[in-house]
Structure formats: C-alpha cells, structure tokens
Amino acid sequence: MIDFEQLRRWPDIEAPELVAHDATDRLLLDTADEALPAHPDAVTVIGDRYGALTLGVATLLPGARIRVHQDALSGELALDANAERLGVVPTWSHHGLDAALLEGARTVLLQLPRGLDALDEIAGLLARHAHPDVRVYAGGRVKHMTLTMNDVLSRHLGEVSAGRARQKSRILTATHPTRGGALGWPRTSRHGDVVVVAHGAAFAGTSIDVGTRALLAVLDRAAHAARDVVDLGCGTGVLAASFALARPGVRVVATDQSWAAVESAQATMRATGVADRVTVSRDDAGSSLPEASADVVLLNPPFHVGATVHTAISRKLFEAAARLLRPGGELWCVWNSPLGHRPVLERVVGATTQIARDPRFTVTRSIRRG
C-alpha cells in the first residue's frame, strides 16, 4: 500500500489544515480490496482528489489499466506528480466523464461529489455504460452524506446498501445497473440572450448565481477600449458569453480547471451563438495563457477549498490575474463581502476601487500597476 502521508496537493495550495487524502480514500480501498483483483483491467476511479485512490489501486494491481476521471485539472496534475514522487509507474489514463471512462467497467471507486446533480450524472452514465455485473463503491465523509444520495444512486442502480462507518467515513455499495434511462445531462436554461448549458458538477447549474449577477450589473463600465478579455474560472461561461454579446469586437478566452465547467462553457457559447468569438480552455489558473495578454480579466472566485472556507484559491487567482493583465489593465472581481479581499487585491494587482457592495457581495475594479 502507498504511504498516504507522502501525498501532496501540488499544484493546489498547500496548507497545514488542507490534506491530500482522507479516511474515505483508505476505507474505499479496504472495502474494494477483494473485488479489485477479479477484473484488473476493468477498474474505473472517479473523483480522486490528489491520487490516493488511483495510486492505491495501482499499487495493489501492478500493471492494471485504470481509467480515471478527476473533474479538477489540478487533481490530474497532482496524481501524476505524486506517482513520480513515490516511484509508481503510471498505468492509468485520464478521461472526461463519458462513455469511454465507464464502458465495460466491473469495479468503480467513487469519491461521492457534494452535489446531487453531479452524482445523478455519474450514476446515469454508470448504468448506461458499465458492465451489468459492475460493483460501485461510493464513499464520503458521513457529515456530507445524505439519504438522498442513496435515492439518486437507486434511480440508476437497482441495489444500494450502506456499510458501517469508520473514522467518520462510510461506503455505499451499488449494483445491478438499470439500463435504458434517459441521460438528462447536460441541461439547458435561457436567461435573456444567454443560453446556459450545465453538466451536473458545474457550479450553479443552469442558473446564474448571485455573485455573477452582481458583476454583470456593472460590467458596462469595464474598459471600453478593451480588445482581449479573460474570464478566469469561467464556470458555465455566463460572464464570457455576456461580455461577447455586449461587445462584438472583443476576443474572449474563458478558462477553468473543471472538466464539467469547460464542457458546459463550450456548450453555452454554442447555444448563445458566440462560439466564434470565445475560446474555452481547461487550465489551472490560466497558466497556459501568455503573460500581459489581457486588457480585462473577469473573476468570480470560489471561496471554498473542498468543504473548507479558505482564501487560498482566491489569492492564487488574483496572482494569475496580475500575471495576465497588461499594465493599466483591469481586474473586475466579485467576492463575498465578509472576506475583505480588497487589501490583498491592492497588494497583488494594484489600485482597487469598490464599485458596488451589499451585505453579501462586493464588486471591485483593480488596475494593474505598471
């Protein structure tokens, strides 16, 4: 078995309170221990955060061909980096959440997502593409699990049973996939001229979250001479699509590290009719984009790292925006008012002005210093 304590979160933020594994990883591997060797080339891992599950399977089954889906690009990078650090030869392949990930799968290890929509999409694909005798081991922290998760799994897999809790984690075992159900994903909703398309794990789904609405309300004040715009952490692409509609002459790049977000944003651009003017890419904090290549950066940063409220991810995105902006370029940012990001924006980006504020959200404009 791998040494879990050697796992690192890179390229995500490292902090003492943020770890690269949890008790659920260990319980999943222990629970599936007997099933895994029976079909070593038909194993699928979904939701592995930093590689603990995949590396555990690879250590147990040397040479096995493992298919892996990690929504976050940083998770993929961490898995491969941890493998190199521990000297584990990669025998896995990275996949989107699609048929190729699950076709003929006999054993599936799943870190339960927090959202029921994300779980519904995963379970629906499992039922449609996995082997009829598949065994699904779905684990999570007890405090984040609900009986509704059992109900969602039961829509697509005929038998679901719960194991005993250990170290505040629990495993649901699901079998007997139900064939022929409607896919149901992605879903679509129109908001004025913008048609939002969303996969199950996309933040806010087909709605427009309150923070994005607050930023949209003032975006007509962004630099009118702007020609190159980046929507950093684009989610379903609402900001990018709206900006492209309002300013037909701009070039917009929408980037996010989430597979669900990028697939959703690409579909949003097509449905809204701006796919010819908006490029969508999967990237970790815009790292593949050239330095000083943007006149305007739009940012609605997350304030959770997993289940923890943490400012680390916002700081990482502020630094990315500073790198991407040309001198004098503008970062338009919306954030939860209690977090008080303005001093950090001043230090990292440049002079920052409050544009709008209410008890929940603050919108700021920061000018990139020369």
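Visitor: Leaving aside its neighbours within four places in sequence, which residues is Leu97 in contact with?

Guide: Leu97 is in contact with His69, Glu121, Ile122, Leu125 and Trp259, where contact means heavy atoms within 4.5 Å. This is a predicted model, in which local features need pLDDT of at least 70 and side-chain atom pairs count only at pLDDT 80 or more, while totals for chains, interfaces and linings use all residues. Residues are numbered from 1 along each chain as its sequence is written, and side-chain values use heavy atoms, with hydrogens and water left out.

Visitor: Where is Leu97 placed, and is it buried or exposed?

Guide: Leu97 sits in the loop between strand S3 (92-94) and helix H4 (99-102), the helices (H or I, at least four residues) and strands (E, at least two) being DSSP runs numbered from the N terminus. Leu97 is buried, with a relative accessible area of 10%; buried means under 20% relative accessible area, exposed over 50%, and partly exposed in between, using a 1.4 Å probe and protein chains only.

Visitor: How far apart are Leu97 and Gly205?

Guide: They are 108 residues apart in sequence and 16 Å apart in space, C-alpha to C-alpha.

Visitor: Stepping back, how many helices and strands are in the chain?

Guide: The chain has 11 helices and 18 strands. Its radius of gyration is 21 Å, close to the 21 Å that the globule rule gives for 370 residues, so the chain is as compact as a globular protein of that length; the radius is taken over C-alpha atoms, and the rule is 2.2 Å times the number of residues to the power 0.38. The C-alpha atoms fill a box of roughly 60 × 45 × 35 Å along the principal axes, and 55% of the 370 residues count as buried.

Visitor: What about contacts between residues at least 6 apart in sequence?

Guide: Of those contacts, 70% join residues at least 24 apart.

Visitor: Which residues have the most contacts inside the largest nonpolar core?

Guide: They are Leu219, Val229, Met269, Val278, Leu298 and Trp332, in a core of 32 residues. A nonpolar core here is a set of buried Ala, Val, Leu, Ile, Met, Phe, Trp, Tyr and Cys residues joined through side-chain atoms within 4.5 Å. The elements giving two or more residues to this core include strand S9 (194-198), helix H8 (238-246), strand S11 (251-256) and helix H9 (259-272), and the largest share, six residues, comes from H8.

Visitor: How many of the residues of H8 are buried?

Guide: Seven of its nine residues are buried, leaving H8 mostly covered; the buried ones are Val238, Leu239, Ala240, Ala241, Ser242, Phe243 and Ala244.

Visitor: And what does Met269 touch?

Guide: Not counting residues up to four places away in sequence, Met269 touches Gly237, Ala240, Ala241, Val274, Ala275, Val278 and Val280. There is also a second, separate core of 30 residues, which includes Tyr50, Ala52, Val57 and Leu109.

Visitor: What about helix H2, and what covers its buried residues?

Guide: Seven of the nine residues of helix H2 (residues 52-60) are buried, so the helix is largely enclosed by the rest of the structure. The cover over its buried residues includes H1, strand S1 (43-46), strand S2 (66-69), helix H3 (73-86), S3 and strand S4 (107-111).

Visitor: Where is Leu110 found, and what does it touch?

Guide: Leu110 is found in strand S4 and is buried, with a relative accessible area of 1%. Not counting residues up to four places away in sequence, Leu110 touches Leu28, Ile46, Leu119, Ile122, Tyr137, Ala138 and Gly139.

Visitor: Changing topic, which peptide bonds are cis?

Guide: Among them are the bond from Trp10 to Pro11, with omega near 10°, and the bond from Trp185 to Pro186, with omega near -5°. Pro11 lies in the segment before helix H1 (23-31), while Pro186 lies in the loop between strand S7 (169-177) and strand S8 (187-191).

Visitor: What is phi for Ala285 and for Ala292?

Guide: Ala285 has a positive phi of about 55° although it is not a glycine, and phi of Ala292 is near 50°, also a positive value in a residue other than glycine. Ala285 is buried, with a relative accessible area of 15%, whereas Ala292 is partly exposed at 33%.
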